[in-house]
Amino acid sequence: MNTRTLVIGEALIDIVHGRTSEGDSTAATLDRELVGGSPANVAVGLARQGHDVHLLTRIGRDERGARIAEHVASAGAALTAASWTDAATSTARARLRADGSAEYEFDIDWAVGAPDLDGVDLVHTGSIALFLEPGAATVRDTLRRAAGSQRVTLDPNIRPALIGDHDTALQQFSEAARSADLVKLSDEDAVWLYPELLPEQVLSEIATLGPRIVVMTRGGEGALALGPGGVAEVSALPVDVVDTIGAGDAYMASLISSVLDDPQLFESKPALLRALRRAAVTAGLTVARAGANPPRRAEVDAAL
């Protein structure tokens with residue numbers, strides 16, 4: 001567990017809009033402010049699995065930035081010094097749908113310097129950081145530098161309102177995927193990126209770019225993966241869903257943890273299935289409680 005992971009990407013405050021009383025049309029509404037941002041959630045999830053994690057992000061020297069820093073540190077992850085800026089901390093206003101999923105409105109800018117990769121064993125990135133300029137070009141260049149020397153993992157976590165036209169975004173994703181060892185995406189990401197392809201075709205298309213493992217999460221229907229031994233499939237953990245905020249990030253963090261823990265992952269279908277089952281449990285525990293609150297290693301071990 002002494003391998004060092006560098007996570008690059010946005011950390012922000014999720015402003016979650018909801019009612020004080022479920023189902024009461026006369027109840028007042030309230031906003032809950034929760035630390036979020038897909039890469040930040042992944043960093044927290046990885047640290048809670050016991051890994052040495054550093055997060056390169058962009059947060060302001062304001063009250064919201066201080067809350068993010070405290071949240072990251074309390075999980076056991078380290079925030080890089082280059083993460084601080086004089087700009088305001090970014091926000092995402094989340095509105096929960098009836099099924100517990102969320103839709104977002106973002107107030108974010110993304111700029112980041114090229115990180116030093118000395119001593120880094122694995123680089124993870126994705127989401128807004130992969131697509132939003134000016135920082136996205138630096139992120140994709142970092143992946144190119146890491147490829148072949150460090151493990152690289154990627155989660156596009158598509159945010160259509162922020163990433164521009166489809167063709168440009170697909171080109172950006174494809175460029176990043178060429179540097180990756182493992183790519184995880186949701187079924188919604190797959191439909192947006194490859195609207196003409198069926199799920200297994202999406203996995204194959206991404207695999208042709210170079211990743212040795214490609215995983216597609218499908219919510220309550222579990223996950224589908226293409227890796228050693230061909231296609232693998234696992235079910236979701238049955239739970240009562242509170243909300244789905246952070247579920248995909250918890251799943252991603254668990255997959256990265258398996259990359260770090262299991263040297264057989266890229267060679268063995270049983271190892272891949274173990275990783276997928278562990279990720280399903282990790283995501284299931286997350287959706288059973290409010291907000292992006294991934295479990296610790298002992299909680300996952302107990303639920304397996």
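Helices and strands here are DSSP runs, numbered from the N terminus. The model is predicted, and the exercises below walk through parts of it.

**Exercise 1. Which residues does the cis peptide bond join, and where does proline 134 lie?**

Start with the bond: glutamate 133 and proline 134 are joined by a cis peptide bond, with omega about 10 degrees. For context, most peptide bonds are trans.

**Exercise 2. Find the loops that hold serine 127 and asparagine 157, and decide whether each residue is buried or exposed.**

Begin with serine 127, which belongs to the loop between strand E10 (122–126) and H3. Its phi is near 65 degrees, a positive value in a residue other than glycine. Buried means under 20% relative accessible area, so serine 127, at 1%, counts as buried.

Now turn to asparagine 157, in the loop between E11 and H5. Here phi is near 40 degrees, again positive in a residue other than glycine. With a relative accessible area of 14%, asparagine 157 is buried.

**Exercise 3. Describe helix H5: its span, its start and its packing.**

First the span: H5 covers residues 166–177, and its 12 residues reach 16 Å from first C-alpha to last, close to the 16 Å expected at 1.5 Å a residue. At its start, a side-chain oxygen of aspartate 165 comes to within 3.2 Å of the backbone nitrogen of aspartate 167.

Then list the buried residues of H5: Ala169, Gln172, Phe173, Ser174, Ala176 and Ala177. Their packing partners include helix H4 (135–146), strand E12 (182–186) and helix H7 (199–207).

**Exercise 4. How many residues of H1 are buried, and what follows just after the helix?**

Count first: 11 of the 11 residues of H1 are buried, so the helix is largely enclosed by the rest of the structure. Among them are Pro39, Asn41, Leu46 and Arg48. Just after H1, glycine 50 takes a positive phi of about 95 degrees.

**Exercise 5. What lines the largest pocket?**

Take the volume first: the largest pocket holds about 1,300 Å³ of space. Of its 50 lining residues, Ser186, Glu188, Thr244, Ala247 and Gly248 are the closest to its centre.

Next, look at the elements: those supplying at least two lining residues each include strand E2 (12–19), helix H1 (38–48), helix H8 (247–261) and helix H9 (269–287). Finally, sort by class: the lining has 21 nonpolar, 16 polar and 13 charged residues.

Conventions
Residues numbered from 1 in each chain as written. Predicted model: local features only at pLDDT ≥ 70, side-chain atom pairs only at ≥ 80, totals over all residues. Heavy atoms only, no water. Helix = DSSP H or I, 4+ residues; strand = E, 2+ residues; numbered from the N terminus. Expected span 1.5 Å × (residues − 1). Buried < 20%, exposed > 50% of the residue type's maximum accessible area, 1.4 Å probe, protein only. Contact = heavy atoms within 4.5 Å. Polar contact = N/O pair within 3.5 Å; in protein donor to acceptor, adjacent residues only side chain to side chain. 1 Å grid on protein atoms, 1.4 Å probe; cavity = no way out; pocket = protein on both sides within 12 Å on 5 of 7 lines; lining within 4 Å. Points joined across faces, edges and corners; volume = space filled by probe spheres on them. Nonpolar A, V, L, I, M, F, W, Y, C, P; charged D, E, K, R; others polar.
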